[in-house]
Structure formats: structure tokens, C-alpha cells
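Colleague: Before I use this model, I would like to know how its labels were reached. Please show it and take me through them.

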Amino acid sequence: MPEHLSYFQQIGVAFLGAATVVWVVGLVRLVRHVGWGAEQPLASLPVQGGPPAQESVPLTPDEHDAFAGLVRQFGRR
């Protein structure tokens, strides 16, 4: 270490270096245990069943005419 650094600064650098090594070792062990790109999805997330089914509601003739009027109004803009 350079001479202009105090002992506290040198200890701090050594501590940060050791903490980094411990963190990397722990991360590598975790990735090996869990698996990188695990085949199973996360257990806390719900399974998605695909896209929602298309819904349709039969309209009465009056509702159909009202909807056609709305479409004509929006078509002018």
C-alpha cells in the first residue's frame, strides 16, 4: 500500500476486498445451487394460462344502432 494512506484506510481497503471476495463466492455458490436459467419458473409467480379468451355479448337491435351511431361520430374526428 502507498505510504500516504493511513492504517484505517488500508484496513478499509482490505475489508472491502475481503467482502467482495466473500460476496462473489456466495453468489457463485447460489447460482450453482439454484441454477442459471433454471428450467422451473419461480414458485412465487403464478403460472400464466395464455391469452384471455375472446368474449362477445349479443347486442339488441337498439344497442347495435347506438353503437353504429357512436362509430359514425368518432369517424368524423
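Modeller: Accessible areas here come from the Shrake-Rupley method with a 1.4 Å probe. For the protein chain, which is a predicted model, the accessible surface comes to about 8,000 Å². Carbon and sulfur atoms hold 64% of that surface.

Colleague: What makes L27 partly exposed?

Modeller: Its relative accessibility is 37%. Partly exposed lies between the buried limit of 20% and the exposed limit of 50%, so L27 counts as partly exposed. L27 is found in helix α1.

Colleague: Which residues make the nonpolar surface patch?

Modeller: W23, V24, L27, V28, L30 and V34 make the patch, with an area of about 560 Å². A patch residue needs over 30% relative accessible area, and L27 has 37%.

Colleague: How do you know what span to expect of α1?

Modeller: The expected span is 1.5 Å times one less than the number of residues. Helix α1 covers residues 7-34, 28 residues in total. From first C-alpha to last it reaches 40 Å, close to the 40 Å expected.

Colleague: What follows α1?

Modeller: G35 does, with a positive phi near 100 degrees. Overall, the chain has two helices and zero strands.

Note on methods. Residues numbered from 1 in each chain as written. Predicted model: local features only at pLDDT ≥ 70, side-chain atom pairs only at ≥ 80, totals over all residues. Heavy atoms only, no water. Helix = DSSP H or I, 4+ residues; strand = E, 2+ residues; numbered from the N terminus. Patch = residues over 30% accessible without salt bridge, like charges linked within 9 Å, V, L, I, M, F, W, Y side chains within 5 Å. Salt bridge = Lys/Arg side-chain N within 4 Å of Asp/Glu carboxyl O. Buried < 20%, exposed > 50% of the residue type's maximum accessible area, 1.4 Å probe, protein only.
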